[in-house]
Amino acid sequence: MAKYVLKRVLLMLLTLFIITTIEFVLIRMLPRELPQEKVQAAAIASRWEALGYNKPLLVQYGIYLKNIVTSWDFGTSWYIEFREPAWNVLTKRLLPTVLVNLYSLIFSIPVGIGLGIYAAIRKNKWQDQVISVMVMLFVSIPSYVYAFLVQYFLYFKWNLLPLQVYSLADAGNSWTSWKMFVSMISPILALSFGEIAGLCRFTRAELTETLTSDYMLLARTKGLTKAQATVRHALKNAMVPILPMLISSFIGILGGSFIIEQIFSIPGVGQLYLRSINLFDYDVFMMDGVFYTFISLLAGIVVDISYGFIDPRIRMGER
Amino acid sequence: MAVKETKSIQLSADDFTFVHKGERITDKQFEDKPVSYMKDAWRRFCKNKASVAAAVIIICIVLYAFITPMVSPLNSRFMDSYYSKKAPRTRYISALGILDGGVGRDFSEKGLVRAVGIGVGAEDWAGTGQVTIGDALKSKYQPMLWISDPVEKMNAKKEVTRNYSGKIDVYLEVGFMYLSVSQKEYEKIVAYEKESGLHILYPLVEDNQWNADASDANNWFKTKKNAPVHVNEKGKGVVQDYSEDLILEDNYKRDADGNPIYYEYTGGGTLETAQFKVRALYYNYYVYKNGFEPYYFLGTDSQGYDLALRLAGGIKLSLLVAICVSVINFIIGAMYGAVEGYYGGWVDMLMERVSDILGGVPFIVVATLFQIHLSNQVGPIVSLLFAFVLTGWLGTAYRVRTQFYRFKKQEYVLAARTLGARDRRIIWRHIFPNSLGTIITSCALVIPGVISSESMLSFLGIVKLGSAGSTSLGTLLADSSAIWTNYPHLMICPAIVLSLLMICFNLFGNGLRDAFNPSLRGVED
């Protein structure tokens, strides 16, 4: 197992390195733009010269890697936050993103799995059919349509919640304050619909498969009630593919949702990405690219490895 | 114990003849027609009602996208900036009180007089001063479609104010407009007026103390603080209340004989360059300019384009991109996966690493980089296609590879090889048709993914389809995202169409998947 994990991690690092190289070349090839104002433009230009931005690409890449290894320096933000290290710019925005997505997951996991279990037990009855139709609707409709609906009903129609997430100053200088949480309810809801529907569909599919398997019949013949057999045997087996999926969604909360952050003006990593493109802040863009690549690779590898831990029958990489 | 009586069976020699003696007992011809894989899949697909309904809806949406531009009198480049963000308005259904360009709104008394005044002004085109509000309410140019009874309220100064709610036609609400026309144009308009009987040009308005805003052509009657007044002999304005018998007192510019003035010289030396200021009823001016009345059955968008046509264009573009991506993914994915799966070994290893690397790049980063690097050279749509294609085929390739691993060790492949078939023939003639069902399904399920990603990218502004000719559903939604609370029709139509497309393609894809899965055969029956 350890050997398999090590192999996967090394492969992941290699892949990350190659993708980073490609991204670096593509981003550094973009023409950089200086601000209109002369003094600031001159200051930035001289800094770029000193940081080696005018040297050949290969040399630049060497400098970039050296900076990461020696001082964890992923470049500097020039426009979003002048002369702030890109790493700090990114990590500062992680908290709101993570919070919103975490709340949404905490809300949607029990609801989604619960509905999925209910639908599987009531398979082909009207309850199952209602849930299936709803799931189909909610999986298909894009998230910003929910966002609009949530805004329309909760803000314009009933005036229960604020239109957008409060800024840090408005909510008592804390991301975790109650006021901030209330303003985050709308994006949480908008995020949750799709998540609940996806989880529900997945759970239902897995559980119906295990419910019809032979060991369930055996469990019933041994004298277990239907509820006992379902909880102890079917549910446990159905969880094998569901848990890795949950793990990958927990890693995915780092990335956040671009659309929801844009609509509800959450100052998170998704918004940072869009701003870095619009303001031509390419060092931050590069940081973002590496960050997103890392997350997606990490999610993949963690899911693969977690299968081995969750289900003792699956032993990856062994012959 | 009693012996059970058994019935004796009488047998004769005739019972022991050979049934088939002298007959050939080889197979007869099939009495039924053989059911091919495709036919079987088609039969099972038809049984799935949800998928069939989804397919029908998809066809309807596609037909809409192609037929609307053909039957519409407008073309997709037609725009009218005065009629922007307007509500849906139709010629025939409007009698039912829906899609009549009407928007519900609350009015103060002053606001109501102002709105109704447009109708009065339009009727009283000669400045006779004979038209009451009651007459004008029946006018074709009356913006107010419906007015409620007044609700009286006390305000902070203990004055009684009356408020109305009503439905106003947002096209007629535009009312009058000052235009600058040349002599030639002016004569053309006058000739058109005579020919059609429509009134386009209306008297100019005096810029005096009774005119609150001289740049607004709708201030044609005398007002004080926006309330209508009657000017008495002493030159004082007496504020008048709203009632159906009220005659609004006009503030038209008149010559010495008391006839209203219709145009005013504003500049330009010669006959060709001379410009005249005129006051026109915009609704009729629009008819004069375009030859048809403003009917937009989905309303107009934020710039004044016909939303129905923009929507048709958006559907076409979104579907075109989706289908292109699906087809290209199919070709690349099938070839890559086939080679990977068939040869296996180190070829597979190497190709898997390549697809690992491609699969690791986040799609949004790819899309952004392609947009920044290529959109100036090849345009945003083509660079979007590149971005989709770069990583999109990985899924198809993976599925094909799995199918090839499954089938390549089977006996018929061995038989084909023994007969001397080359690799290419084995791959395409023997193994590939077996995995076709899976691949077609995955292609159908690519389409909703592409549509939603495309609309997401345009919504976020990463893909900028600026020009009027090309638009996508995401662009339409992004356009409306800031203003949809005031103009909900801008958001509702694209959102409904997009959601419908997504739902239907998902259902359709699921139907295909079930139809092509032979293991489900007979399960539902």
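Q: Where in chain A is this predicted model's confidence lowest, and where is it highest?
A: Confidence in chain A is lowest in helix H2 (residues 38-51), at a mean of 84. It is highest in helix H5 (residues 94-121) of chain A, at 92. The model is predicted. Chain A averages a pLDDT of 86, and 98% of its residues score at least 70.

Q: What makes up chain A, in helices and strands?
A: Chain A holds 13 helices and two strands. Its C-alpha atoms fill a box of roughly 80 × 60 × 30 Å along the principal axes. Of its 319 residues, 33% count as buried.

Q: How do you know how far apart in sequence the contacts of chain A reach?
A: Take the contacts between residues at least 6 apart in sequence. Of these, 71% join residues at least 24 apart.

Q: What makes the phi of Trp72(A) worth a look?
A: Its phi is positive, about 50°, although Trp72(A) is not a glycine. Most residues other than glycine have a negative phi.

Q: Why does Arg83(A) count as exposed?
A: The cut-off for exposed is 12 or fewer neighbours. Arg83(A) has 10 C-beta neighbours inside 10 Å, so it counts as exposed. Its place is the loop between S1 and strand S2 (84-85) of chain A. Arg83(A) also has a positive phi, about 65°, and is not a glycine.

Q: How do you know whether helix H6 (residues 126-140) of chain A spans the expected length?
A: The expected span is 1.5 Å times one less than the number of residues. For the 15 residues of H6(A), that gives 21 Å. The helix reaches 21 Å from its first C-alpha to its last, close to the expected value.

Q: Which residues of H6(A) are buried, and what do they pack against?
A: Ile131(A), Val135(A), Phe138(A) and Ser140(A) are buried. Within chain A, the buried residues of H6(A) pack against H5 and helix H8 (178-211). In chain B, they pack against helix H13 (436-460) and H15.

Q: How do you know that the span of helix H2 (residues 49-71) of chain B agrees with expectation?
A: At 1.5 Å a residue, its 23 residues should span 33 Å. Its end C-alpha atoms are 32 Å apart, which agrees.

Q: Where does H2(B) kink?
A: The kink lies at Ala65(B), shortly before the proline Pro69(B). It is about 25°. Ala65(B) is also one of the buried residues of H2(B), along with Ser51(B), Ala54(B) and Thr68(B). The buried residues of H2(B) pack against helix H1 (37-47), helix H7 (307-343) and helix H15 (489-516) of chain B.

Q: What domains does the assignment give chain B, and how many Å separate their centres?
A: Domain 1 is 54-67 + 304-520, and domain 2 is 87-290. Taken over C-alpha atoms, 54 Å separate the centres of the two domains of chain B.

Q: What is the strand order in the open sheet of chain B?
A: The order is S7-S8-S9, and the pairing is antiparallel.

Q: Why are strand S7 (223-224) and strand S9 (237-239) of chain B said to stand at the edges?
A: Each has a single partner strand, so one side of each is left without a neighbour in the sheet.

Q: How do you know that S8(B) pairs with S7(B) and with S9(B)?
A: Two strands pair if there are at least two bridges between them. S7(B) and S8(B) have two, in the antiparallel sense. Lys224(B) stands opposite Ala227(B) in S8(B). Three bridges join strand S8 (residues 227-231) of chain B to S9(B). Here Val229(B) stands opposite Val239(B).

Q: Which residues take a positive phi in the two hairpins?
A: In the hairpin of S7(B) and S8(B), with two residues between the strands, Lys225(B) has a phi near 50°. In the hairpin of S8(B) and S9(B), with five residues between the strands, Gly235(B) has one near 85°.

Q: Why is strand S10 (residues 263-267) of chain B said to lie largely in the open?
A: A residue is buried if 20 or more other C-beta atoms lie within 10 Å of its own. Of the five residues of S10(B), the number buried is zero, so the strand lies largely in the open. Four bridges join S10(B) to strand S11 (residues 275-281) of chain B, and the two run antiparallel. Glu264(B) has Lys277(B) as its bridge partner in S11(B).

How values were computed: Residues are numbered from 1 along each chain as its sequence is written. Chains are lettered from A and ligands numbered from 1 in the order in which they are written. This is a predicted model: local features need pLDDT of at least 70, side-chain atom pairs count only at pLDDT 80 or more; totals for chains, interfaces and linings use all residues. pLDDT is the predictor's confidence in each residue, from 0 to 100. Domain bounds come from an automatic or database domain assignment. The bend at a residue is the angle between axes fitted to the seven residues ending there and the seven starting there. Two residues are in contact if their C-beta atoms, placed from the backbone, lie within 7 Å.
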